[in-house]
Amino acid sequence: MPVRIDFFVIAENRGALLPFTGAYVRGFFLAAIKCVNPQLFNSFHDHPKPRPYAIRPLRPVENKMRTISGYWVIEKNDKLTFSISILQDDEGDKILEILENIKVIKFGAINCRVYNRKILETKYKEFSGATSSHIGLIFR
């Protein structure tokens, strides 16, 4: 069953990151898997597209992203969030087991402490009828 894990973290020090943070989150995710289960890491890393996972980049919770000279400046105690979704039924439990015990995450030179996680699970049956063969675009 597909599962999404929303992480909520607090920056423990001041620092700067590139504003496109998907690579940081993907790096954290794959490194966490590799440390515990190298075989699962290889299947995720080398999987032909589309990948069996998706990420939502790191972003601020309470404030707007403040960029200076092309870098997102993160202050100590800023609250941040990101998400990891597992799209394969048989891998969700393994990934949850790996990620549920992580307390500290490092993005670049910024150490972040996990203060909350939200786990959302959905059954594929709940998606039936929710898809369409048409896509609507609105131009403004």
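G15 stands opposite I74 in strand β5. The model is predicted, so that local features require pLDDT of at least 70 and side-chain atom pairs count only at pLDDT 80 or more, whereas totals for chains, interfaces and linings use all residues. Residues are numbered from 1 along each chain as its sequence is written, and side-chain values use heavy atoms, with hydrogens and water left out.

Strand β2 is joined to β5 (residues 71-74) by 3 bridges, and the two run antiparallel. Strands here are DSSP runs of E with at least two residues, helices are runs of H or I with at least four, and both are numbered from the N terminus. Two strands pair if DSSP finds at least two bridges between them. The open sheet consists of 3 strands in the order β2-β5-β4, with antiparallel pairing. Its edges are β2 (15-17) and β4 (67-68); each has a single partner strand, so one side of each lacks a neighbour in the sheet.

A hairpin is formed by β7 and β8, with 2 residues between them. In the turn, G108 has a positive phi of about 60°. The antiparallel strands β7 and β8 (residues 110-121) are joined by 4 bridges, and F107 stands opposite I110 in β8. Strand β7 (residues 104-107) has I105 and F107 on a covered face, while V104 and K106 lie on an uncovered one.

Aromatic pairs were counted for rings of Phe, Tyr and Trp (its six-membered ring) with centres within 6.5 Å; planes under 30 degrees apart count as stacked, over 60 as edge-to-face and the rest as tilted. By this rule the count comes to 7 aromatic pairs. The ring centres of F8 and Y115 are 6.3 Å apart and the planes lie at 50°, so this pair is tilted. F8 belongs to strand β1 (residues 3-11) and Y115 to strand β8, so the pair ties together parts 107 residues apart in sequence. F8 is buried, with a relative accessible area of 17%, whereas Y115 is partly exposed at 33% relative accessibility. Buried denotes under 20% relative accessible area, exposed over 50%, and partly exposed in between (1.4 Å probe, protein chains only).

The rings of F29 and Y53 have centres 5.1 Å apart and planes at 55°, so they also form a tilted pair. This pair links distant parts of the chain, with F29 in helix α1 (residues 22-36) and Y53 in strand β3 (residues 53-60), 24 residues apart. Both F29 and Y53 are buried. The charged end of K79 sits over the ring of Y115, 5.4 Å from its centre; the criterion is NZ of Lys or CZ of Arg within 6 Å of the ring centre and within 35 degrees of the ring normal.

P60 is located in strand β3 and is partly exposed, with 21% relative accessibility. Neighbours within four places in sequence aside, P60 is in contact (heavy atoms within 4.5 Å) with M65, W72, K79 and L80. The C-alpha atoms of P60 and F8 are 9.6 Å apart in space, for a separation of 52 residues in sequence.

S85 is part of strand β6 (residues 79-86). Its relative accessible area is 16%, so S85 is buried. Residues up to four places away in sequence not being counted, S85 touches V3, R4, P52, Y53 and A54.
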